[in-house]
Amino acid sequence: MQKKTLRWLIQSVSGLLLTGTGLSMCIDAGLKKLSGEPWFWYGTAGLIVFQAGLSLVIDGVRFRK
């Protein structure tokens, strides 16, 4: 496998995993907010993870070919 293809594969898959994780964290923070538990920092961390995942996926496109 070529070096660029391998980098694209690793970066895109990890970006998709981070995007899903961040989205799940944000949804969980919303549920915590509804139940009256502390949620702000957990939700903020979820947004950071979500944005990092999107950045990895978008950046990985340049290694596709």
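Me: Why is serine 12 called buried?

Reply: Its relative accessibility is 12%. Buried means under 20% relative accessible area, exposed means over 50%, and partly exposed lies in between, with a 1.4 Å probe and protein chains only. Serine 12 therefore counts as buried. One caution applies: this is a predicted model, where local features need pLDDT of at least 70 and side-chain atom pairs count only at pLDDT 80 or more, while totals for chains, interfaces and linings use all residues. Residues are numbered from 1 along each chain as its sequence is written, and side-chain values use heavy atoms, with hydrogens and water left out.

Me: What makes the stretch that holds serine 12 a helix?

Reply: Serine 12 sits in helix H1, which covers residues 3-35. Helices are DSSP runs of H or I with at least four residues, strands are runs of E with at least two, and both are numbered from the N terminus.

Me: Which residues does serine 12 touch, leaving out those up to four places away in sequence?

Reply: Val57 and Gly60. Contact means heavy atoms within 4.5 Å.

Me: What makes the link between glutamine 11 and aspartate 59 a polar contact?

Reply: The side chains of glutamine 11 and aspartate 59 are joined at 2.9 Å. A polar contact is a pair of N or O atoms within 3.5 Å; within protein, one must be able to donate a hydrogen and the other to accept it, and residues adjacent in sequence count only if both atoms are side-chain atoms. The pair joined at 2.9 Å is such a contact.

Me: Where does the side chain of serine 14 reach, and at what distance?

Reply: That side chain reaches the backbone oxygen of isoleucine 10 at 2.9 Å.

Me: How do you know how H1 runs relative to H2?

Reply: Two packed helices are described by the angle between their axes and the distance between the axes. The axes of H1 and H2 (residues 40-60) come within 7 Å and cross at roughly 155°. H1 is therefore roughly antiparallel to H2. Angles under 35 degrees count as roughly parallel, over 145 as roughly antiparallel, 65 to 115 as roughly perpendicular and the rest as oblique. The contact of H1 with H2 has 15 nonpolar, eleven polar and three charged residues. Here Ala, Val, Leu, Ile, Met, Phe, Trp, Tyr, Cys and Pro count as nonpolar, Asp, Glu, Lys and Arg as charged, and the others, Gly among them, as polar.

Me: Why is tyrosine 42 called partly exposed?

Reply: Tyrosine 42 has a relative accessible area of 31%, so it is partly exposed. This residue is in H2. Tyrosine 42 touches Met25, Asp28, Ala29 and Lys32, with residues up to four places away in sequence not counted.

Me: What makes arginine 64 partly exposed?

Reply: A relative accessible area of 47% puts arginine 64 in that class. Arginine 64 lies in the segment after H2. Arginine 64 and serine 12 are 52 residues apart in sequence and 9.6 Å apart in space, C-alpha to C-alpha.

Key:
Axes are lines fitted to C-alpha atoms, for helices over the stretch in contact, and angles run from 0 to 180 degrees between N-to-C directions.
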